[in-house]
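Visitor: Hey, could you walk me through this one? I'm new to this.
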Amino acid sequence: MSTTLQFLPSLSANLGILQLNNPASLNALTLEMIRSMTPILRQWQKTGVRATLMVGAPYEKNGKTKRSAFCAGGDVKKVYLAGIGKEDKSLTADFFREEYQLNHMIATQAPHLPQVSIWDGVVMGGGVGLSVHGKYRVATERTIFAMPETKIGLFPDVGGSWWIPRLKLYSQWKSGLVGGVGNYLALTG
């Protein structure tokens with residue numbers, strides 16, 4: 001099992017807490033974080049854990065919180081450097097394959113193990129994938145949500161073609177309306 005200080009799992013009674021701890025890069029998702037998170041979630045699915053809580057570590061400087069972030073997405077810089085040969089070339093394929101496998105595992109978790117993600121600050125790309133497939137997401141007033149890969153012509157990955165059209169405001173969900181904010185985003189960019 002791979003471990004890293006960029007990901008801090010802990011247990012509190014029957015609650016599994018997953019803290020993304022890479023604040024200098026807005027908790028950007030690294031391959032090491034993915035490889036640490038996957039076996040922990042598998043283990044918790046088999047034990048007495050009743051729910052998981054996923055949060056991002058705040059960026060602090062001189063003892064003061066400067067900005068908050070859930071997860072700014074995948075560590076694109078490292079993937080780019082691997083792609084041009086300045087890092088291990090296998091990183092590019094390994095990163096996306098293992099990230100998507102982790103997203104699938106979260107999306108198909110048993111109903112008795114709901115995931116709650118606290119979106120405080122930046123939530124982009126891979127951070128969306130870690131959280132949007134869980135049962136609950138809580139957005140704070142500081143949430144900045146984006147799928148930036150669409151600006152450069154890529155499709156919204158991490159299951160975006162499935163969850164974007166299903167996004168609804170709470171009032172729409174409660175009244176049973178079809179469509180919602182996802183359709184609006186798709187049509188307006």
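Visitor: Which helices each supply at least two residues of the lining of the largest cavity?
Guide: H1, H2 (76–83) and H3 (90–107) do. Helices here are DSSP runs of H or I with at least four residues, strands are E runs of at least two, and both are numbered from the N terminus. This is a predicted model, where local features need pLDDT of at least 70, side-chain atom pairs count only at pLDDT 80 or more, and totals for chains, interfaces and linings use all residues. Residues are numbered from 1 along each chain as its sequence is written, and side-chain values use heavy atoms, leaving out hydrogens and water.
Visitor: What volume does the largest cavity have?
Guide: About 30 Å³. A cavity is a set of points, on a 1 Å grid over the protein atoms alone, where a 1.4 Å probe fits but cannot get out; lining residues have an atom within 4 Å of a point. Points are joined across faces, edges and corners, and the volume is the space filled by probe spheres set on them.
Visitor: Which residues line it?
Guide: Thr30, Leu31, Glu32, Asp75, Lys78, Val79, Leu91 and Phe95.
Visitor: Switching topic, how do S2 and S3 pair?
Guide: S2 (residues 15–20) and S3 (residues 51–56) are parallel, with 6 bridges. Pairing takes at least two DSSP bridges between two strands. Opposite Leu18 you'll find Met54 in S3.
Visitor: And which strand is joined to S3 by 3 bridges?
Guide: That's S7 (residues 115–119), which runs parallel to S3. Leu53 has Val116 in S7 as its bridge partner.

Methods
1 Å grid on protein atoms, 1.4 Å probe; cavity = no way out; pocket = protein on both sides within 12 Å on 5 of 7 lines; lining within 4 Å.
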